[in-house]
Amino acid sequence: MEQVSWLWAFGISGAAFALFFLQSALDLVRAGKATQLQLALLTSSGLLWGTLGVAMLGLLAWILARPFGCRYPLGWTLRTFALSYSPALVYSTLGLLANLVLGWNTALAFGATGVLWSLGATLATLREMLGERLLLSVIMATAFGALTLLVWAKLLSL
Amino acid sequence: MVYRAVAGLCLAALGGVTGRHVGTGWLPIAAFAGAGAVVALLFLTLLGGLLFIANGAVRKKLGGGVLGSAAAKSSLLLVPFTLLALLAELYLGWNAVQPFLTAALMTAAGYAGSEAIRLGGGRLTNALATALAGFVLAGLWLALIALGGAAWRW
């Protein structure tokens, strides 16, 4: 993991959420509920969440995991957290294609689904950091997943 | 037993939420909650069975119980998706249980497979076995929803 560059790792998570939020904005624009400016703002918010937000979650996970014997360095944690959103990037890319080419509303079917699939990778990372403490990993992953969904829902409602 | 109860509760909850969208009143909610509990038992049975079949070497070395335990423990992986689905449905007002349910089943199955690999099982066989379990049960669930919806309208 140390050989994975920061740019690559956070490029993946940033792109995943940017494309996810972009799809949400496109669905809203198509329904006449958002403007082009709001589309740009929402997409930018996705990029911010996918980079700074994911880094924050990774930092929080690292801090919470230390008392349980986590010996992975912070850099490893942040890059692994970012890379765990690779499934989300795949889903978001496919969803964007379906959105633009087929005119489907894809934010939920592709975007949110991709984030859910990434939860599995996040769970695996947390288990590794917490020494296979499954219950604790489940609790933390649930909290992080809920935070992500709530942030997305809040930004959509603005 | 605890793990089976966790799986049953999770899929019953997801089933009940699905029932809200199929019809009105408590009947579809209760029916789909019951179906969810049954799907949970089927899932654990199928997953445990496939792990048992796919890991002969692990069985000989450590006994079949460890594979059953891996399958059972995977129930915990259903919890985050269930809670997030309830959050989305009840607090955010979304109608989006199906992605949560399919992701839950596949992630739980994947965990069981990774445990079997950690115990010495083959990577490819366990990846295929657990993917099959998740895929079959997710497909079964979608079929149940379609049938239930058709039955309710009829």
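In this predicted model, a polar atom of the side chain of B:Thr82 lies 2.8 Å from the backbone oxygen of B:Leu78, where a polar contact is a pair of N or O atoms within 3.5 Å, one able to donate a hydrogen and the other to accept it, and residues adjacent in sequence count only if both atoms are side-chain atoms. Local features need pLDDT of at least 70, side-chain atom pairs count only at pLDDT 80 or more, and totals for chains, interfaces and linings use all residues. Residues are numbered from 1 along each chain as its sequence is written, chains are lettered from A in the order in which they are written, and side-chain values use heavy atoms, without hydrogens or water.

- B:Thr82 belongs to helix 5 of chain B, residues 78-91, helices being DSSP runs (H or I) of at least four residues and strands runs (E) of at least two, numbered from the N terminus.
- B:Thr82 counts as buried because its relative accessibility is 4%, and buried means under 20% relative accessible area with a 1.4 Å probe, protein chains only.
- Beyond its neighbours within four places in sequence, B:Thr82 is in contact with B:Cys10, B:Ala13 and B:Leu14, contact meaning heavy atoms within 4.5 Å.

**The make-up of chain A**
- Chain A has six helices and zero strands.
- The C-alpha trace of chain A spans about 50 × 30 × 25 Å along its principal axes.
- Of the 158 residues of chain A, 52% count as buried.
- Among contacts in chain A between residues at least 6 apart in sequence, 74% link residues at least 24 apart.

Technical notes: Buried < 20%, exposed > 50% of the residue type's maximum accessible area, 1.4 Å probe, protein only.
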